[in-house]
Amino acid sequence: LEILDPSPNPEERMLFRERHARLASVLQALSIEDQSCLRLRAEGLRYREIANILGISLGSVSASLTRSLRRLEQVDKR
């Protein structure tokens with residue numbers, strides 16, 4: 001009976017590191033407001049809560065998250 005090692009192989013680790021670097025680069029390039037919106041949303045806050053915390057409109061939160069997620073998705077497809 002052969003037992004397979006469940007840990008990632010060297011190629012999988014390299015691909016993960018490259019993906020992580022691409023996504024981190026996009027995150028760093030976002031405005032502070034966009035980064036804050038993403039961070040707060042990732043923490044589970046609702047759009048209205050994010051708007052209140054950051055002192056911006058609900059529409060601005062929505063536009064920021066849509067724009068930021070689109071950028072991350074575009075880079076993650078590569």
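Leaving aside its neighbours within four places in sequence, which residues is Gln 35 in contact with? They are Leu 27, Gln 28 and Leu 30, where contact means heavy atoms within 4.5 Å. The structure is a predicted model, in which local features need pLDDT of at least 70 and side-chain atom pairs count only at pLDDT 80 or more, while totals for chains, interfaces and linings use all residues. Residues are numbered from 1 along each chain as its sequence is written, and side-chain values use heavy atoms, with hydrogens and water left out.

Gln 35 belongs to helix H2, which covers residues 32-42. Helices here are DSSP runs of H or I with at least four residues, numbered from the N terminus. A polar atom of the Gln 35 side chain sits 2.9 Å from the backbone oxygen of Leu 30. Gln 35 is also one of the buried residues of H2, along with Asp 34, Ser 36, Cys 37, Leu 38 and Leu 40. Buried means under 20% relative accessible area, exposed means over 50%, and partly exposed is in between (1.4 Å probe, protein chains only). So what covers the buried part of H2? The cover includes helix H1 (10-29), helix H3 (47-54) and helix H4 (58-76). Just after H2, Gly 44 has a positive phi of about 100°.

Next comes the inside. The largest nonpolar core holds 14 residues, and those with the most contacts inside it are Cys 37, Leu 38, Ile 50, Val 61, Leu 65 and Leu 72. Such a core is a set of buried Ala, Val, Leu, Ile, Met, Phe, Trp, Tyr and Cys residues joined through side-chain atoms within 4.5 Å. H1, H2, H3 and H4 are the elements that give two or more residues to this core, and H4 gives the most, with four. As for Leu 72, its contacts beyond four places in sequence are Leu 23, Val 26, Leu 27 and Leu 38.

Then there is helix packing. Two packed helices are described by the angle between their axes and the distance between the axes. Axes are lines fitted to C-alpha atoms, for helices over the stretch in contact, and angles run from 0 to 180 degrees between N-to-C directions. H1 and H4 pack at about 150°, with axes 10 Å apart. That makes H1 roughly antiparallel to H4, because angles over 145 degrees count that way. On the H1 side the contact is made by Arg 19, Arg 22, Leu 23, Val 26 and Leu 27, and on the H4 side by Arg 71, Leu 72, Val 75 and Asp 76. The axes of H3 and H4 come within 8 Å and cross at roughly 110°. These two helices are therefore roughly perpendicular to each other, a label for angles of 65 to 115 degrees. Here Tyr 47, Arg 48, Ile 50 and Ala 51 of H3 meet Leu 58, Val 61, Ser 62 and Leu 65 of H4.

Not counting residues up to four places away in sequence, Asp 76 touches Arg 19, Arg 22 and Leu 23. The side chains of Asp 76 and Arg 19 make a polar contact at 2.6 Å. A polar contact is a pair of N or O atoms within 3.5 Å; within protein, one must be able to donate a hydrogen and the other to accept it, and residues adjacent in sequence count only if both atoms are side-chain atoms. Lys 77, in the segment after H4, counts as exposed at 71% relative accessibility.

Definitions and conventions: Parallel < 35°, antiparallel > 145°, perpendicular 65-115°, else oblique.
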